[in-house]
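Please read the following report beside the sequence and the model, which are shown here.

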Amino acid sequence: MNHQVVLITGALTGIGRATALAFAKEGARLVVSGRREEAGQALAAELRAMGNEAEFIRADVRYEADVRAMVDQTIARFGRLDVAVNNAGTEGQLGPVADQTVDNYENTFSTNVLGTLLSMKHEMRAMQQQRGGAIVNVSSVAGHVGIAGASVYVGSKHAVEGMTKAVALEGAALGIRVNAVAPGPVATDMLDRFVGNDEEAKQGFLAMIPAKRAASVDEIAQTIVFLADDKAAYLTGQVVAVDGGYSAQ
């Protein structure tokens with residue numbers, strides 16, 4: 001059994017929740033984090049019912065005090081941090097660039113970019129002391145292509161991918177691997193929001209994907225588990241697209 005200590009931000013729904021369950025099936029010890037206490041405690045209880053050690057730590061990744069405490073409490077509880085999955089994110093307010101606001105920029109970048117930066121800062125602090133670990137950031141196909149009507153979100157995910165590569169170079173000699181997974185469309189509420197809860201628009205969007213479908217959250221979660229595994233020990237600084245062939249076109 002795998003007894004790694006795994007910390008997951010944005011763990012309460014979608015890809016984050018699926019990733020927690022996937023690591024739990026591997027026997028990991030888990031810290032799941034998010035902003036909703038009741039849902040977080042329920043997820044931790046579900047993971048413990050599967051036979052895993054698990055804790056919920058409430059944190060908002062936009063605030064460094066929260067992130068620092070999240071990592072410190074993980075170390076206090078389990079003694080180390082082997083894997084960190086930085087999944088907390090938002091698509092913000094979608095629409096043409098002419099309609100974008102400073103508030104939307106600040107809200108989106110504070111979660112997607114600052115939140116990822118702060119998370120890596122304190123995760124690296126912990127992993128440097130033990131000289132080893134793996135960080136997986138959750139980007140998007142929007143991190144390396146353009147999407148009309150999503151300029152702010154696209155910009156934030158491009159930043160995540162750039163930071164991933166930079167921090168990977170800092171960690172490589174210390175045995176700390178830093179990679180990102182870049183999903184295409186995934187069957188989540190976020191996809192519905194992107195297409196305006198319009199089934200015809202969704203099917204039109206998916207028709208542009210070579211695989212002709214959205215990914216399941218479990219497919220993304222399994223990629224994250226692989227990136228964190230010792231079987232990928234020589235893989236760092238990479239962005240792995242899990243997008244049904246979209247970015248290969």
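How many bridges join strand 1 to strand 4? Four bridges join strand 1 (residues 5-9) and strand 4 (residues 83-86), and the two strands run parallel; within strand 4, N86 is the bridge partner of T9.

This is a predicted model, in which local features need pLDDT of at least 70 and side-chain atom pairs count only at pLDDT 80 or more, while totals for chains, interfaces and linings use all residues. Residues are numbered from 1 along each chain as its sequence is written, and side-chain values use heavy atoms, with hydrogens and water left out.

Helices (H or I, at least four residues) and strands (E, at least two) are DSSP runs numbered from the N terminus, and two strands pair if DSSP finds at least two bridges between them. Seven strands form an open sheet with parallel pairing in the order 3-2-1-4-5-6-7. Strand 3 (54-58) and strand 7 (239-242) each have a single partner strand, so one side of each edge strand is left without a neighbour in the sheet. From one strand to the next, the twist averages 20 degrees.

| Helix | Strands | Angle |
|---|---|---|
| Helix 1 (residues 14-25) | touches strand 1, strand 2, strand 4 and strand 6 | about 170 degrees with strand 1 |
| Helix 2 (residues 37-49) | lies across strand 2 and strand 3 | about 170 degrees to strand 3 |

The buried residues (under 20% relative accessible area, 1.4 Å probe, protein chains only) of helix 5 include V152, Y153, V160 and G171. The buried residues of helix 5 pack against helix 4 (102-130), strand 5 (133-138), strand 6, helix 6 (189-194) and strand 7.

Methods. Axes fitted to C-alpha atoms, helices over the stretch in contact; angles between N-to-C directions. Contact = heavy atoms within 4.5 Å. Buried < 20%, exposed > 50% of the residue type's maximum accessible area, 1.4 Å probe, protein only.
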